[in-house]
Amino acid sequence: MNNDDTAQRAKLTSLGRALRGLHKQLIHIESQYFGAVGGPLELLQLVTNHPNFAWLQKLSGLMAQMDERLDEEEPVTAEDAVTFRRAIEALIGPSEQGDLEFRAKYNAMLHDGPELVMAHGAVRKQLSEIVAI
């Protein structure tokens, strides 16, 4: 591993941690909208299969792709990190060429809880650490 690889891996690892916190808050709020949910297994079934939660799969997929990239042996480059930054910004902003359907739902939810706003801020902070070359 070279220094750039180590630095980029650290940035993506921190970003992944922040994204998981954001994802958890989104699931929490969406499950409140949904109504009574049994245990964790029922919630997992809802998140993976129910249409109310389907929009979150775009974020789940990006998190999985990031984890897979970090698991690979080849060095993580600044370009890799910027690619993930742009993909995330297409969902949560501020990218102009974003996923407008996801963004509308996401922005509406930002008004539903301070925890979500704080998680959003944590992701934005991590994204700001990833700069285009």
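Accessible areas were computed by the Shrake-Rupley method with a 1.4 Å probe; for residues, only the protein chains shown count as cover. On this basis the protein chain exposes about 7600 Å². Carbon and sulfur atoms supply 56% of that area. The model is predicted: local features need pLDDT of at least 70, side-chain atom pairs count only at pLDDT 80 or more, and totals for chains, interfaces and linings use all residues. Residues are numbered from 1 along each chain as its sequence is written, and side-chain values use heavy atoms, without hydrogens and water.

The protein chain holds six helices and zero strands. Helices (H or I, at least four residues) and strands (E, at least two) are DSSP runs, numbered from the N terminus. The radius of gyration, taken over C-alpha atoms, is 15 Å, close to the 14 Å that the globule rule gives for 133 residues, so the chain is as compact as a globular protein of that length. That rule is 2.2 Å times the number of residues to the power 0.38. The C-alpha trace spans about 50 × 30 × 25 Å along its principal axes.

Helix α4 (residues 78–92) and helix α6 (residues 114–128) have axes that come within 11 Å and cross at roughly 145 degrees. Axes are lines fitted to C-alpha atoms, for helices over the stretch in contact, and angles run from 0 to 180 degrees between N-to-C directions. From α4, the contact (heavy atoms within 4.5 Å) is made by Arg85, Ile88, Glu89 and Ile92. From α6, His120, Val123, Arg124, Leu127 and Ser128 take part.
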